[in-house]
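Here's a structure to look over together.

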Amino acid sequence: MENSINKLLEQIIEEGNCPFTKDEVHGFFCGIVLSGIDRESIFGHINRFLDIGEDSKEAISSLVGLVSDDLKKNSFSLLNQDSDDLNSIINKFSEWTYYFLIAVQLNSANKINDPKRLEIMDVFDEISQLNEKYILDKNHENSLESLNDINKFIAKSIVYLSNSNNDTTNS
């Protein structure tokens with residue numbers, strides 16, 4: 001499924017002449033899907049924030065569907081990192097979480113009362129600042145292990161947020 005998501009992200013960025021990276025756009029899409037905004041309003045938010053026009057509406061709809069499906073199946077993962085360049089990985093995590101947080105907060109009705117959700121959002125805020133606030137360990141292996149742990153935390157947190165959204169919806 002990730003390959004399809006990658007292709008759609010590339011298509012949306014290219015067709016829409018979008019100035020954002022794939023990680024930023026993917027984070028935004030995941031956040032907007034988890035924000036609880038109704039499907040009809042999602043395109044308007046995406047268009048306004050990412051400045052993507054009508055030409056990409058079909059690709060946007062497909063991407064929202066794929067992200068939603070992955071979340072329902074608890075099979076969320078970040079896009080593959082093509083290198084083990086630590087700075088590249090840090091930028092990826094920072095960009096993804098920053099735009100995820102922006103999108104999740106678009107829905108003013110999205111009240112976060114669950115302490116676990118609040119904790120996740122706080123940690124995501126810290127992750128979004130990795131490239132600004134933290135210095136890499138001089139040991140490449142230790143840093144890579146820490147970044148792998150962050151990757152696992154993000155994936156598990158997204159699954160938790162998705163499941164807690166479903167619990168709230170089904171109540």
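Q: What makes F49 count as buried, partly exposed or exposed?
A: This is a predicted model, and in it F49 has 29% relative accessibility. Buried means under 20% and exposed means over 50%, so F49 counts as partly exposed.

Q: Why is the pair of F20 and F49 called stacked?
A: Two numbers matter here. Their ring centres are 6.0 Å apart, and rings pair if the centres lie within 6.5 Å. The angle between the planes is 15°, and planes under 30 degrees apart count as stacked, so this pair gets that name.

Q: What makes F20 and F49 a link between distant parts of the chain?
A: They are 29 residues apart: F20 sits in the loop between α1 (2-15) and α2, while F49 belongs to helix α3 (residues 39-50).

Q: How many aromatic pairs are there, and which residues do ring pairs link into a cluster?
A: The structure has nine aromatic pairs. Ring pairs join F20, F28, F49, Y98 and Y99 into a cluster.

Q: Which residues meet where α2 and α3 touch?
A: From α2 there are V25, F28, F29 and I32; from α3 there are I42, H45, I46, F49 and L50. Sorted by class, that contact has eight nonpolar residues, one polar and no charged.

Q: Why is α2 described another way when set against α4?
A: The axes of helix α2 (residues 22-34) and helix α4 (residues 57-72) come within 10 Å and cross at roughly 70°. The range 65 to 115 degrees counts as roughly perpendicular, so α2 is roughly perpendicular to α4. α2 passes α4 in a right-handed crossing.

Q: What do α2 and α4 bring to their contact?
A: F29, C30, V33 and L34 in α2 face I60, L63, V64, V67, S68 and L71 in α4. By class, that contact comprises nine nonpolar residues, one polar and no charged.

Q: How do you know whether G16 is buried or exposed?
A: G16 has a relative accessible area of 15%. The limit is under 20%, so G16 is buried. G16 lies in the loop between α1 and α2.

Q: What does G16 touch?
A: Leaving aside neighbours within four places in sequence, G16 is in contact with Q11, D51, I52 and S56. G16 and S56 are 40 residues apart in sequence, yet 6.4 Å apart in space, C-alpha to C-alpha.

Q: How many helices and strands does the protein have?
A: Eight helices and zero strands. Of its 171 residues, 46% count as buried.

Technical notes. Residues are numbered from 1 along each chain as its sequence is written. This is a predicted model: local features need pLDDT of at least 70, side-chain atom pairs count only at pLDDT 80 or more; totals for chains, interfaces and linings use all residues. Side-chain values use heavy atoms; hydrogens and water are left out. Axes are lines fitted to C-alpha atoms, for helices over the stretch in contact, and angles run from 0 to 180 degrees between N-to-C directions. Helices (H or I, at least four residues) and strands (E, at least two) are DSSP runs, numbered from the N terminus. Angles under 35 degrees count as roughly parallel, over 145 as roughly antiparallel, 65 to 115 as roughly perpendicular and the rest as oblique. A crossing is left-handed if the near helix is turned anticlockwise from the far one by less than a right angle, and right-handed if clockwise. Contact means heavy atoms within 4.5 Å. Ala, Val, Leu, Ile, Met, Phe, Trp, Tyr, Cys and Pro count as nonpolar, Asp, Glu, Lys and Arg as charged, and the others, Gly among them, as polar. Rings of Phe, Tyr and Trp (its six-membered ring) pair if their centres lie within 6.5 Å; planes under 30 degrees apart count as stacked, over 60 as edge-to-face and the rest as tilted. Buried means under 20% relative accessible area, exposed over 50%, partly exposed in between (1.4 Å probe, protein chains only).
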